[in-house]
Amino acid sequence: MAEGGNVTEEDVGQVNARNIFGDPSDSYLMKDVSDIELHLGELDITSQDEHVLDELDEFIQRNLEDNLVKEALNKGVDLRQYSKQIETDLREVEDDSIQDYIKESKNIANLHQQIKACDGILETMENMLSGFQIDLKSISAEIQTLQEQSLRMNIKLKNRQAIKSELSQFIDELIVPESMIYAINDLQPTEQTFIEQLHELSHKINIVKEQGFKGAMACNDVRDVLEKLKLKAVSKIREFVLQRVYQCRKPMSNYQVPQNALLKYRYFFEFLLMHHQQVAREIRDEYVDTMSKIYSAYFGGYIAKLMKLQYEELAGKDDLMGVEDTAKARGFFSSKTPLKNRSTIFSLGSRGQVLTDLLEEPIIVPHAAQKTEKRYSYEALFRSQHFALLDNACREYLFLCDFFLVSGNQATKLFVSVMGKVITVFNKHMTSYIATCYDAIAIFLCIHIIHRYKIIMLKREVPILEKYWDTLLDSLWPRFMKMVELNAQSVKQTDPQKLGNIDIQPHYITRRYAEFSGAINSLNESFPDERVLKCLGKLQREVESFILRRASEFVKRKDHLVFLINNYDMMIQVIQERTTDDSKESDSFQQTLNTKIQEYIEEVLSPYFGGMMTFVKETEPMIERGQAQSIRVNEGQVTQLVRDFAVRWKAAIEGMNSELMRSFSNFKNGTQILQGALAQLIQYYHRFQKILSQPPFSRLACRTELINIHHVMVEVKKHKTAF
């Protein structure tokens, strides 16, 4: 160390060298050896102490585990000598290290100074950062405080905005503007501004009531003003609506015009209903009373005027199917009676148009029809009456629901209040007419008109007349069935012997039945009903029974059959023309007709070829049973049959043709029967020839006189129908 306490670089180097490498005497190995020697030297002194021995033993064992000690012991080296050697080596290394350190003493000194400078800088920075940290803690606390203040201010702002919005709305809803006062007091109810302000007035009245229940004191400031405006508005609305209602009472006025005008101001009644129910009830009662009287008077007069347009000659209790065909009865089918004075009661004709083309046509205008002196059947008048009822009922029901704000049972009750008298008028009229009506087709057409009008009302979604329709059907069906029953009874009670001269042509009773059955069945196809089939079945049985009784009046079997064939053929033709589907009547009649035609063919062939036919019928079964040997051959009889056929067959065909054309009113049917008769003739002749070709007839000489069957067929083809 230099004098005066100054430290030289060499001193610093030596100090640092010792600090880095340590004192050689402190080396690990030397320390361990010295410690061993020390403990061994003290062994005798402390041999009495077991505790010291244990520590020594532990120390020795720990040092013996050292790698250098293990290596020295394994080599048998003396530890003292080895310790000295190690110490010498360490000193040399130490000296070398010190020299190296002294050489670098300047750099180390510079490094030491730099480190001290860095320590100073770092200390300054540490102080600065400590100050910053203190400042940041303060700023963080201030920021947190500001955040809390901002949150509180934001909540206050939202609350104030919410209060402002509700308060502004509350004030706006309570304030009665001058424009509203002016509109309610001075403007006409028809002006749009009045209607708009009426909506706003209703809203303010409701708001004041609501806020008044909540205890808002501001409501007291505007309640009187709103009450006065409400009364003024109610007064104006009442006067306006009642004027429109009273306009309907004017004679010859079209009540639909005021109704349509009221629909434009349907809010008026809604306002009254909410704010003045007494006036609303007054207006509704006044409307119901007015329209009830108007409808009652209108339909009462309309029905009375329409009934004057009915045919002058109406069906009476004597106009039944079995009544004798007098001059009066012949008017049903005769063209001598003008159609404008009478409708057919057993045929449909053009009457069915009320269910198709005329169903939704405009109603009949009585005064216009009277000018042209046009007449109508009852079903046409019924259609016009009930189409007017349907149209007015639908419009009235929709008006009541729309203007008076009712639905369901309330709408039904209000409708009954308005149209109840009209329904009563219709019920009385229908009851009186049905009781005296003897036109079954008219009644049945009315039934089907009702079915179609029910569908129309369902499409319009106004099923308000369902009860009336059902009541009317309950009255019409029994009358219809009663009329069919009366006709059946009239046929049953008809005495054929009292009908005068008999004729093979179709009887007028069967023609009436055919027309009537065809008409009813064609109408029943659209809405089938088992009741119709049941009552027509009874009528059919009575008519068939009458035909058989009438046919029994003929002396000749052939005329009997011709009469039956003509009647059955006529009934089938008429029924098939009137209906589109196969009916039970036509099927039953066709089977009977085929049977009668077959019988007639046998009858018409018998006068010309009866002998040959009898011979074939008697001989053919015996040959088929194998009894040909027992047949007694009468050559003369067979020869006579062969020669008669050869001489008469052509003339017989011409005679049958003429007879059939005269007998049958239906030319087509007569031609078909002729073809059937000729075909039957060919079959008989073929069977006759076949019998003659069998023993014992095969040896007869007359076989050579047989006419070739092909000649007969050629002649038959000449009479073949061209249609």
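Which residue's side chain does E466 meet in a salt bridge? The partner is K454, with N and O 3.7 Å apart. Before going further, keep in mind that this is a predicted model.

**Salt bridges**

Let's stay with that pair for a moment. E466 sits in helix α18 (residues 466-492) and K454 in helix α17 (residues 440-459), so the bridge links distant parts of the chain, 12 residues apart. E466 counts as partly exposed because its relative accessibility is 22%, while K454, at 17%, falls under the 20% cut-off and is therefore buried.

A search through the whole structure turns up 21 salt bridges. Here are three of them, with their N to O distances:

| Pair | N to O distance | Helices |
|---|---|---|
| E466 and K454 | 3.7 Å | α18 and α17 |
| D402 and R266 | 2.9 Å | α15 and α11 |
| K230 and E227 | 3.3 Å | both in α9 |

Take D402 and R266, whose closest N and O atoms are 2.9 Å apart. D402 belongs to helix α15 (residues 378-403) and R266 to helix α11, so this pair ties together parts that are 136 residues apart in sequence. Both ends are partly exposed: D402 has 29% relative accessibility, and R266 has 36%.

K230 counts as buried at 11% relative accessibility, whereas E227 is partly exposed at 35%.

Some salt bridges also join up: R351, E379 and D439 are linked in a network.

**How two helices pack**

R266's helix, α11, comes up again here. Helix α11 (residues 266-275) packs with helix α8 (residues 192-213) at an angle of about 20°, and their axes are 11 Å apart. Since angles under 35 degrees count as roughly parallel, that is how α8 runs relative to α11. The crossing of these two helices is left-handed.

**A buried proline**

Is P258 buried or exposed? With 6% relative accessibility, P258 counts as buried. P258 is part of helix α10 (residues 256-264).

**A nonpolar patch on the surface**

Finally, look at I163, L167, I171 and I175. Together they form a nonpolar surface patch with about 350 Å² of accessible area. One of them, I171, is found in helix α6 (residues 105-174), and its 39% relative accessibility makes I171 partly exposed.

Key:
Residues are numbered from 1 along each chain as its sequence is written. This is a predicted model: local features need pLDDT of at least 70, side-chain atom pairs count only at pLDDT 80 or more; totals for chains, interfaces and linings use all residues. Side-chain values use heavy atoms; hydrogens and water are left out. Patches are made of residues with over 30% relative accessible area and no salt bridge: like charges are joined within 9 Å, nonpolar side chains (Val, Leu, Ile, Met, Phe, Trp, Tyr) within 5 Å. Accessible areas come from the Shrake-Rupley method with a 1.4 Å probe; for residues, only the protein chains shown count as cover. A salt bridge is a side-chain nitrogen of Lys or Arg within 4 Å of a carboxyl oxygen of Asp or Glu. Helices (H or I, at least four residues) and strands (E, at least two) are DSSP runs, numbered from the N terminus. Buried means under 20% relative accessible area, exposed over 50%, partly exposed in between (1.4 Å probe, protein chains only). Axes are lines fitted to C-alpha atoms, for helices over the stretch in contact, and angles run from 0 to 180 degrees between N-to-C directions. Angles under 35 degrees count as roughly parallel, over 145 as roughly antiparallel, 65 to 115 as roughly perpendicular and the rest as oblique. A crossing is left-handed if the near helix is turned anticlockwise from the far one by less than a right angle, and right-handed if clockwise.
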